[in-house]
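This report walks through one predicted model, element by element. Have the sequence and the coordinates open as you read.

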Amino acid sequence: MTRYRFALRPRWILSHVLILVLVVVMVNLGFWQLRRLDEKKAHNAEVRRNEAIAAAPVDTILQTSDPTSRGSDLAFRRVTVTGTYDTANEVIVRARSSNSRPGVWVASPLHLANGDGVIVVRGFLPTQGTPDAVPSGAEPPSGTVTVEGLVQETQTRGLFGATDPSGVRLTDVARVDVERLQQQLPYRLYPVWVQLTSSSPAQAGGEPEVLPLPTLDEGPHLSYAIQWFIFSTIALVGYPLILRRSARNRELAEDDDDGAGDEAEDLVPA
């Protein structure tokens, strides 16, 4: 194996380590995508299971004293809520989109007869900016309203994203954070929000637009995983070929040098 002795030089050792690290990273990325695929499948199965359950009054499956973590288990359960909209405490959820159009969500508290409330996201409002208030043409019906919709888990800030400040009354928010909205409402909220699917009486006009139902596809995770595994295979197969070619080129170069030396000896007079 003397032909590969050059591969023990420092710069080649660094190259070996770099390729090894890249392969390990790409393989792990592939398995991560497969785990994401499994999570997506489990999520879709849970959504289908919850959607198949008959709609029930929200107060039969939740209490205002429940932790917000209940929303994760009950996500996409169909519920009914009856009350009157508290339009004085509506908020705009900024920076949303629908069918590639920029806009906002309209989130309106629905005040129940028992004194509690639930945040209802009534739909999407197309707009280029963040309006100061809900336009008059997009206000909800007055009087007693019965809403049917999907339970959704409260939204919280991750590592990145805008922060909704505490201690002030907000008219627009970055997300449907039930705990943050609770700070500016005088009654207790259920620890989830409801995505409106229908209303009786119905909302007048075409705005806000009812949000579409969730898309239950499996996403691109499988194709991404295959791509990472292909990249890993290319590296594992291609790098030894590069080493072999480098060794062969070096041997050819050495043969050329030896041939040139022999010719020079022939030219030296005796």
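## Helix 1

The buried residues of helix 1 are Trp 12, Val 23, Met 26, Gly 30, Gln 33, Leu 37, Asn 44, Val 47 and Asn 50. Buried means under 20% relative accessible area, exposed means over 50%, and partly exposed is in between, with a 1.4 Å probe and protein chains only. Helices (H or I, at least four residues) and strands (E, at least two) are DSSP runs, numbered from the N terminus.

The helix has 42 residues, which at 1.5 Å a residue should span 62 Å. Its end C-alpha atoms are 61 Å apart, which agrees. The expected span is 1.5 Å times one less than the number of residues.

## Basis of the model

The model is predicted: local features need pLDDT of at least 70, side-chain atom pairs count only at pLDDT 80 or more, and totals for chains, interfaces and linings use all residues. Residues are numbered from 1 along each chain as its sequence is written, and side-chain values use heavy atoms, with hydrogens and water left out.

## Aromatic pairs

A search of the whole structure finds three aromatic pairs. Rings of Phe, Tyr and Trp (its six-membered ring) pair if their centres lie within 6.5 Å; planes under 30 degrees apart count as stacked, over 60 as edge-to-face and the rest as tilted. Phe 31 and Phe 229 form an edge-to-face pair, 5.3 Å centre to centre with 70° between the planes. Phe 31 lies in helix 1 (residues 10-51) and Phe 229 in helix 4, so the pair ties together parts that are 198 residues apart in sequence. Phe 31 is partly exposed, at 43% relative accessibility. Phe 229 is also partly exposed, at 27%.

Trp 105 and Trp 193 form another of the pairs, this one tilted: 5.8 Å centre to centre, 45° between the planes. Trp 105 is in strand 4 and Trp 193 in strand 8, and the pair links these distant parts of the chain, 88 residues apart. Trp 105 is buried, with a relative accessible area of 13%. Trp 193 is buried at 4%.

## Charges over rings

Arg 96 lies over its face, at 4.5 Å from the ring centre. Arg 122 lies over the face of Tyr 85, at 5.7 Å from the ring centre. A charge sits over a ring if NZ of Lys or CZ of Arg is within 6 Å of the ring centre and within 35 degrees of the ring normal.

## Backbone exceptions

Most residues other than glycine have a negative phi, and most peptide bonds are trans. Asn 99 has a positive phi, near 55°. It lies in the loop between strand 3 (91-98) and strand 4 (101-112). Asn 99 is exposed, with a relative accessible area of 70%. Ser 100, in the loop between strand 3 and strand 4, has a positive phi of about 70°. Ser 100 is exposed at 78% relative accessibility.

Where are the cis peptide bonds? One joins Ser 200 and Pro 201, with omega about 0°. Another joins Glu 207 and Pro 208, with omega about -5°. Pro 201 lies in the loop between strand 8 (189-200) and helix 4 (221-267). Pro 208 is found in the loop between strand 8 and helix 4.

## Pocket and cavity

The largest pocket has a volume of about 250 Å³. Of the 15 residues that line it, the closest to its centre are His 43, Phe 76, Gln 152, Pro 214 and Thr 215. Helix 1 and strand 8 are the elements that give two or more residues to the lining. The largest share, three residues, comes from helix 1. By class, the lining has eight nonpolar, six polar and one charged residues. Ala, Val, Leu, Ile, Met, Phe, Trp, Tyr, Cys and Pro count as nonpolar, Asp, Glu, Lys and Arg as charged, and the others, Gly among them, as polar.

On a 1 Å grid over the protein atoms alone, a cavity is a set of points where a 1.4 Å probe fits but cannot get out; a pocket is an open set with protein on both sides within 12 Å along at least five of seven lines; lining residues have an atom within 4 Å of a point. Grid points are joined across faces, edges and corners, and a volume is the space filled by probe spheres set on the points. The count comes to one cavity of 30 Å³ or more. The largest cavity has a volume of about 30 Å³. Among its lining residues are Asn 89, Glu 90, Ile 119 and Leu 185. The lining divides into six nonpolar, two polar and one charged.
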